[in-house]
Amino acid sequence: MALAVLHALDSARTQWYHVTAIVIAGMGFFTDAYDLFCISTISKLLGRLYYYKPGTENPGKLPQDVNNFVIGVALVGTLSGQLVFGWLGDKLGRKKVYGITLIIMVICAICSGLSFGSSAGSVMTTLCFFRFWLGFGIGGDYPLSATIMSEYANKMTRGRFIAAVFAMQGVGIIFAGLVSMILSKIFLDLYPAPAFNAIPVDYSNVMSTQPQADYLWRIVLMLGAFPALVTFYWRMKMPETGRYTALIEGNAKQAASDMGRVLDIEIQDEQDKLAQFKAANDYSLFSGEFVRRHGKHLIGTTTTWFLLDIAFYSQNLTQKDIFPVMGLTQKNVEVNALREMFETSRAMLVVAFFGTFPGYWFTVFFIEKLGRFKIQLLGFFMMSLFMGIIGYKYDDVKNNKYMFATLYGLTFFFANFGPNSTTFVLPAELFPTRVRSTCHALSAAAGKAGAMVGAFGVQNYTLKGEVKEIRKAMIFLAVTNMLGFFFTFLVTETKGRSLEEISGEDGSSDRKAGTQMTGTNTSATTRTTY
């Protein structure tokens, strides 16, 4: 069943507006990553500022439950936002709610830095309150950005475009480390202080923790509002996607007009064919027809994203605890508060730049050549391998910081040249237009549930920096990645095919499930026309 507007979008050459859409959607992910990961650079500083006990031989440190909540509360908000905005994206339209997510992010990033109170408890409570709502806005960006990009793109470069949007997360992680490093260095030069162990215990925390550091962490958090603010105007200028306007709103003429305005293509509206197309795909998320057509894929996208994010967020959120063991930072008693933040941020930047960042862009360049399926399998397998080596040979590799850093960096590389990217791409392609945003939201929310396992569970093993406990954590993560490898067989290859062919909306009964399951894309499939 052919619709000209869909065929025109699938066959449109890559144009400037595609690049613009990548930047507009990508800046949201830049903001998302910066806001979620910059907390790792300042959490130890918060402990020194607000939780020092006089007479102890160690600097102040966030209590375990407070640390988990400060770091993990944004993930709870993200999960909630994904579900709410994913559902709204299908019910109201992608464009109508796209700008709301940025408004929430801007307001809550600023308010996070303005957290107030006369005690440690009140400051942490207000900080957690605003970071929950910050996460809520961030969560909305996941299903909306992925769905919008998939519905704008042509079928031959769709995976590359969606992966490029997600790759901005890597840039955001780098800037979280870079901004924290630069600002902490500036403050350190302006306000020098002795190391914690260089002065008597009774005065050590007071003299080694610069009071001006209370401004520093607030500035770092508030700067997360800037990229979202810059992007807001351009998001509001984007038209609704042609697929949503035609297939959900039932207005083929408006879809043709909108897409003809931003893309250099001519589209016939074909209003007469639209009713027939909609009637053939009029089933809900909770219907037996959905389960029959897409149930296995939804199980596949939710389980693999859940398992991936246990490992990915555990790595990112606990690296501040692992760096001293690796020898990338000094022990907390050997530095002052600002120096500790500087070294943590610098180590985070190095790992992100050489391990995390390249993986995202390897996916962008190879996803249309290798396919989503093979990249996801490769990534899960290699992550499991390297984490397993670190865990089982921990006593050997921890004494060689270069070997440890290499293995640890490779786990980040294959997370991003692997399932961290593909679990974002696949849910935006596998499901029909009517529930695409919701299904992506369910998959992403499963991922954030996994991230909470990392933040509230795995982090308990790394918080004290004990070698034995870190070893247990790495072995556990190796096992979860291997489970992700096997659950990947529940999803299918999508490269080179239209969204309607993948989801069966075009009336195709034979979707070549056996061929796709092996990640193979036949030439006949690639040449499908309407």
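A pocket, in the sense used here, is an open set of grid points with protein on both sides within 12 Å along at least five of seven lines. In this predicted model, the second largest pocket holds about 250 Å³ of space.

- The lining of the second largest pocket is made up of W87, D90, K91, Y244, I248, Y283, S284, L285, F286, R434, V435 and T438.
- Helices α4 (64-91) and α11 (242-248) each contribute at least two residues to this lining, and α4 gives the largest share, with three residues.

**A nonpolar patch on the surface**

- On the surface, F362, F365, F366 and L370 form a nonpolar patch, and together these residues have about 360 Å² of accessible area.
- One of them, L370, belongs to helix α15, which covers residues 337-370, and L370 counts as partly exposed because its relative accessibility is 36%, a value between the 20% limit for buried and the 50% limit for exposed.

**Salt bridges**

- Side chains of opposite charge can pair when their charged atoms come close, and the count of salt bridges in this model comes to 16.
- E500 and R243 meet through their side chains in a salt bridge, with 2.8 Å from N to O; because E500 lies in helix α23 (residues 499-503) and R243 in helix α11, this pair ties together parts that are 257 residues apart in sequence.
- Both partners of that pair are buried, E500 at 1% relative accessibility and R243 with a relative accessible area of 0%.
- Within helix α15, R339 and E343 are four residues apart, which means that about one helical turn separates them, and the closest N and O atoms of their salt bridge are 3.0 Å apart.
- In this pair R339 counts as partly exposed, at 24% relative accessibility, whereas E343 counts as buried, at 2%.
- A further salt bridge joins E429 and R372, whose closest N and O atoms are 2.6 Å apart; since E429 lies in helix α20 (residues 427-430) and R372 in helix α16 (residues 372-392), the pair ties together parts that are 57 residues apart in sequence.
- E429 is buried, with a relative accessible area of 0%, and R372 also counts as buried, at 0% relative accessibility.

Methods: Residues are numbered from 1 along each chain as its sequence is written. This is a predicted model: local features need pLDDT of at least 70, side-chain atom pairs count only at pLDDT 80 or more; totals for chains, interfaces and linings use all residues. Side-chain values use heavy atoms; hydrogens and water are left out. On a 1 Å grid over the protein atoms alone, a cavity is a set of points where a 1.4 Å probe fits but cannot get out, and a pocket is an open set with protein on both sides within 12 Å along at least five of seven lines; lining residues have an atom within 4 Å of a point. Grid points are joined across faces, edges and corners, and a volume is the space filled by probe spheres set on the points. Patches are made of residues with over 30% relative accessible area and no salt bridge: like charges are joined within 9 Å, nonpolar side chains (Val, Leu, Ile, Met, Phe, Trp, Tyr) within 5 Å. Accessible areas come from the Shrake-Rupley method with a 1.4 Å probe; for residues, only the protein chains shown count as cover. A salt bridge is a side-chain nitrogen of Lys or Arg within 4 Å of a carboxyl oxygen of Asp or Glu. Buried means under 20% relative accessible area, exposed over 50%, partly exposed in between (1.4 Å probe, protein chains only).
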